[in-house]
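Please read it alongside the structure below.

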Amino acid sequence: MPKKVVAFGEVMMRLMAPGYELLAQANTLQYSFSGTGVNVASAMTKLGYDGYLVTKLPSNPLGDAAVASLQRLGVERTFISKGGNYIGMYFLENGFGQRSSRVTYTNRLESSFNTAQLSDYNLDLIAETADIIHFCGITLAMTDQVRENMKILAQKVKEKGGLVCFDCNYRPSLWSGGYAQAKRHYEDLLSLADIVMMNEQDAKFILEMETNKTSREAQLKDLIPEVAKMFDIQIIAGTHRAINGDNTHSLRGYIYKQNTFVFSKLLRFSVLDRIGAGDAFTSGVLHGELAAFPETKTVEFAATAGMLACTIVGDTPTATETEILSAMAGTIEDIKR
């Protein structure tokens with residue numbers, strides 16, 4: 001039987017300006033449905049698992065359209081609750097060169113998901129189902145009720161023997177109180193997590209850890225082992241990314257497991273759509289663990305999955321295991337006939 005990967009998170013409506021236009025320039029917008037939970041559940045489905053989403057959607061045509069989108073992605077809808085009136089939205093302007101991409105959120109805190117109560121979800125059934133459950137720091141930033149829902153659900157999954165994955169994914173614009181407000185909630189989730197996506201910046205700024213190292217890699221090697229020890233985390237993984245002068249991106253993945261760091265090769269590639277690459281990397285790490293890959297293969301697989309996610313339009317990763325392995329081996333053809 002395929003392993004069951006459950007993601008807890010909000011379904012967002014993404015409205016994107018065409019090409020590299022600014023909102024002030026555009027007179028049309030393309031919409032789709034996404035969110036970290038959607039991306040992870042869908043990506044794991046593509047990799048051969050049963051992907052579930054725990055969320056709440058409005059009982060109106062927008063909610064129906066979101067469910068239809070999830071169905072096309074192959075996401076199981078068993079844990080989707082219906083009710084309320086709103087869906088969170090964000091507007092995306094694609095960056096180019098030295099101009100960063102920009103995301104603007106609207107109507108988010110009033111969405112069905114962010115006003116959901118614990119009673120909207122069948123926690124016991126979710127906990128019995130999940131081999132792995134995924135949570136995200138973006139969701140953690142929402143409301144006190146959402147934070148309570150996350151922590152209780154994570155605890156229930158652990159009690160049933162499932163693994164908890166937490167992606168730190170700190171977003172400054174979502175925390176009105178900044179790092180000081182976020183710190184205790186991150187500590188709560190880290191103490192429940194078995195697999196964590198984070199980097200040295202998270203350790204320095206969210207957890208207020210200190211290092212005398214100067215380079216990013218040295219800081220990473222200094223701080224991440226301390227985080228793993230402090231919170232008894234089995235695996236910590238993440239990426240270092242840079243934008244090059246020719247508008248290509250560079251990405252290098254890492255995994256810290258059993259007191260050892262493993263790094264991927266440095267990948268350099270062109271970007272069509274940046275959003276969702278981190279979720280693809282996370283899904284690659286989860287697949288590597290579930291498939292019992294050695295860490296060297298897992299980190300290369302995850303980094304390559306993140307790279308391929310940058311080559312499609314939309315947030316949601318679409319690559320299969322075969323496609324990712326082909327890209328790792330350098331055997332992707334110019335045109336498949």
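Two strands count as paired if DSSP finds at least two bridges between them. The model is predicted. In it, 4 strands form an open sheet with mixed pairing, in the order β3-β2-β6-β7.

**Sheet**
- The edge strands, β3 (30-34) and β7 (102-106), each pair on one side only.
- On average, neighbouring strands of this sheet are turned by 25° against each other, direction ignored.
- Strands β2 (residues 12-16) and β6 (residues 89-93) run parallel and are joined by 4 bridges.
- Opposite Leu 15 stands Phe 91 in β6.
- Strands of a sheet pair through backbone hydrogen bonds, in either a parallel or an antiparallel manner.

**Nonpolar cores**
- The largest nonpolar core has 54 residues.
- The residues with the most contacts inside this core are Phe 8, Ile 133, Phe 135, Phe 166, Tyr 186, Met 198 and Val 227.
- Helix α8 (residues 216-231) gives the most to this core, contributing 6 residues.
- With neighbours within four places in sequence left aside, the contacts of Phe 8 include the aromatic residues Phe 113, Tyr 121 and Phe 135.
- Phe 8 is also in contact with Val 54, His 134, Thr 139, Val 146, Asn 149, Met 150 and Leu 153.
- A second, separate core has 34 residues, among them Leu 47, Ala 237, Ala 277 and Met 307.

**Residues with positive phi**
- Glu 208 has a positive phi of about 60°, although this residue is not a glycine.
- Glu 208 lies in the loop between α7 (200-206) and α8.
- The relative accessibility of Glu 208 is 54%, so this residue counts as exposed, the cut-off being over 50%.
- Gln 258, which is likewise a residue other than glycine, has a positive phi near 50°.
- Gln 258 is in the loop between β12 (249-257) and β13 (260-263).
- Gln 258 is exposed because its relative accessible area is 64%, and exposed means over 50%.

**Helix pair α9 and α10**
- Helix α9 (residues 277-290) packs with helix α10 (residues 295-309) at an angle of about 150°, and their axes are 7 Å apart.
- Angles over 145 degrees count as roughly antiparallel, and α9 and α10 are therefore roughly antiparallel to each other.
- The two helices, α9 and α10, have a right-handed crossing.
- On the α9 side, the contact is made by Ala 277, Ala 280, Phe 281, Gly 284, Val 285, His 287, Gly 288 and Glu 289.
- On the α10 side, the contact is made by Glu 295, Thr 298, Phe 301, Ala 302, Ala 303, Ala 305, Gly 306 and Ala 309.
- Ala 277 of α9 takes part in this contact and is included in the second core.

How values were computed
Residues are numbered from 1 along each chain as its sequence is written. This is a predicted model: local features need pLDDT of at least 70, side-chain atom pairs count only at pLDDT 80 or more; totals for chains, interfaces and linings use all residues. Side-chain values use heavy atoms; hydrogens and water are left out. Axes are lines fitted to C-alpha atoms, for helices over the stretch in contact, and angles run from 0 to 180 degrees between N-to-C directions. A nonpolar core is a set of buried Ala, Val, Leu, Ile, Met, Phe, Trp, Tyr and Cys residues joined through side-chain atoms within 4.5 Å. Buried means under 20% relative accessible area, exposed over 50%, partly exposed in between (1.4 Å probe, protein chains only). Contact means heavy atoms within 4.5 Å. Angles under 35 degrees count as roughly parallel, over 145 as roughly antiparallel, 65 to 115 as roughly perpendicular and the rest as oblique. A crossing is left-handed if the near helix is turned anticlockwise from the far one by less than a right angle, and right-handed if clockwise.
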